[in-house]
Amino acid sequence: MKEGWKFLDDVHDINSLPSENIPEIVFWGKSNVGKSSLINSITNSTLAKTSKIPGRTRSLVFFQLDKKLRIVDFPGYGYSKIPLTTEYKINKIIDQYLNNRKCIEKLFLLIDSKHGFKEKDQEIIKELDILFKEKVFIIFTKKDRLRNSNDKENLYKYNEKASNEFNKKFFNTSIKEVNTIILLKKFMMNPLMKNYENIK
Ligand SMILES: Nc1nc2c(ncn2[C@@H]2O[C@H](COP(=O)(O)OP(=O)(O)O)[C@@H](O)[C@H]2O)c(=O)[nH]1
Ligand SMILES: [Mg+2]
């Protein structure tokens with residue numbers, strides 16, 4: 001069944017953010033880690049622009065499900081070919097959004113299953129942890145790309161690091177493995193279901 005996910009806005013300027021009356025789930029991570037692909041899988045759509053070329057999202061892109069929930073596709077980091085002035089602008093808008101936005105319900109930090117945590121990822125986890133604590137979750141992406149037992153063993157180590165060192169709940173996902181998407185989607189939608197039951 002098709003759900004009512006729609007493109008809402010593409011925000012380049014902190015003064016143009018949508019109203020704060022709907023909970024927002026942020027998808028963040030390195031350029032090319034699979035943010036937009038995962039958003040498309042979850043929303044069962046092609047709303048988010050995916051790319052083989054990293055560094056394409058340079059704004060906060062909002063998608064909305066009815067008047068219930070939003071997804072925010074964040075600009076990826078770690079792509080060196082972005083001009084410094086552009087990078088400065090992006091960092092400023094991210095900083096202001098994270099520090100002031102009141103309707104952030106969850107933050108998903110995406111990590112490539114094969115490559116694990118890079119230095120910048122770890123810095124970001126620590127910063128997010130201070131601001132958002134238990135609202136932060138780690139999502140390992142592209143697990144279909146793990147070829148051998150060594151790769152799989154490494155993912156297991158990254159999973160342990162997520163739980164034990166960072167104290168974060170995690171999900172192992174692949175857009176090619178629908179069960180991993182369903183699990184994540186359920187987790188996102190659960191609070192909505194609870195509200196719905198309360199209303200009934
Ligand atoms: N094999 C595989 N490729 C993926 C997966 N998710 C994303 N990709 C590919 O990774 C590249 C970057 O994806 P994209 O969603 O644009 O990353 P973003 O920059 O984080 O938004 C694209 O070529 C995708 O097709 C996955 O689960 N499995
Ligand atoms: Mg993207």
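**Close-up views of a predicted protein model with one ligand**

**View 1. The loop at Asn44.** Asn44 lies in the loop between H1 and E3, where helices (H or I, at least four residues) and strands (E, at least two) are DSSP runs numbered from the N terminus. This is a predicted model, in which local features need pLDDT of at least 70 and side-chain atom pairs count only at pLDDT 80 or more, while totals for chains, interfaces and linings use all residues. Residues are numbered from 1 along each chain as its sequence is written, and chains are lettered from A and ligands numbered from 1 in the order in which they are written. Phi of Asn44 is near 55 degrees, a positive value in a residue other than glycine. Most residues other than glycine have a negative phi. Asn44 counts as partly exposed because it has 13 C-beta neighbours inside 10 Å; a residue is buried if 20 or more other C-beta atoms lie within 10 Å of its own, exposed if 12 or fewer, and partly exposed in between, with C-beta atoms placed from the backbone.

**View 2. Helix H1 and ligand 1.** Nine of the nine residues of H1 are buried, namely Lys35, Ser36, Ser37, Leu38, Ile39, Asn40, Ser41, Ile42 and Thr43. H1 also supplies the largest share of the shell around ligand 1, with three residues. Of the 20 residues around the ligand, Gly34, Lys35, Ser36, Ser37 and Thr50 come nearest, a residue being near a molecule or strand if its C-beta atom, placed from the backbone, lies within 6 Å of it. The shell comprises three nonpolar, 11 polar and six charged residues, where Ala, Val, Leu, Ile, Met, Phe, Trp, Tyr, Cys and Pro count as nonpolar, Asp, Glu, Lys and Arg as charged, and the others, Gly among them, as polar.

**View 3. Strand E4 and its partners.** E4 is mostly covered, with four of its five residues buried. Four bridges join E4 to E2, and these two strands run parallel, whereas five bridges join E3 to E4, which run antiparallel; two strands pair if DSSP finds at least two bridges between them. Within E4, Asp73 is the bridge partner of Phe27, and Ile71 is that of Phe63. The hairpin of E3 and E4 has three residues between the strands, and there Asp66 takes a positive phi near 45 degrees. Asp66 counts as exposed because it has 11 C-beta neighbours inside 10 Å.

**View 4. The largest nonpolar core.** Of the 31 residues in this core, Phe27, Trp28, Phe108, Leu109 and Leu110 touch the most other members; a nonpolar core is a set of buried Ala, Val, Leu, Ile, Met, Phe, Trp, Tyr and Cys residues joined through C-beta atoms within 7 Å. Elements that each supply at least two residues of the core include strand E2 (24-29), helix H2 (84-100), strand E5 (104-112) and helix H3 (119-132). Leaving aside residues up to four places away in sequence, Leu110 touches Phe27, Trp28, Gly29, Val33, Gly34, Lys35, Leu38, Ile139 and Thr141, two residues being in contact if their C-beta atoms, placed from the backbone, lie within 7 Å.

**View 5. The setting of the close-ups in the chain.** The protein chain has five helices and seven strands, which follow the pattern β-β-α-β-β-α-β-α-β-α-β-α along the sequence. Of its 200 residues, 29% count as buried. Among contacts between residues at least 6 apart in sequence, 74% join residues at least 24 apart.
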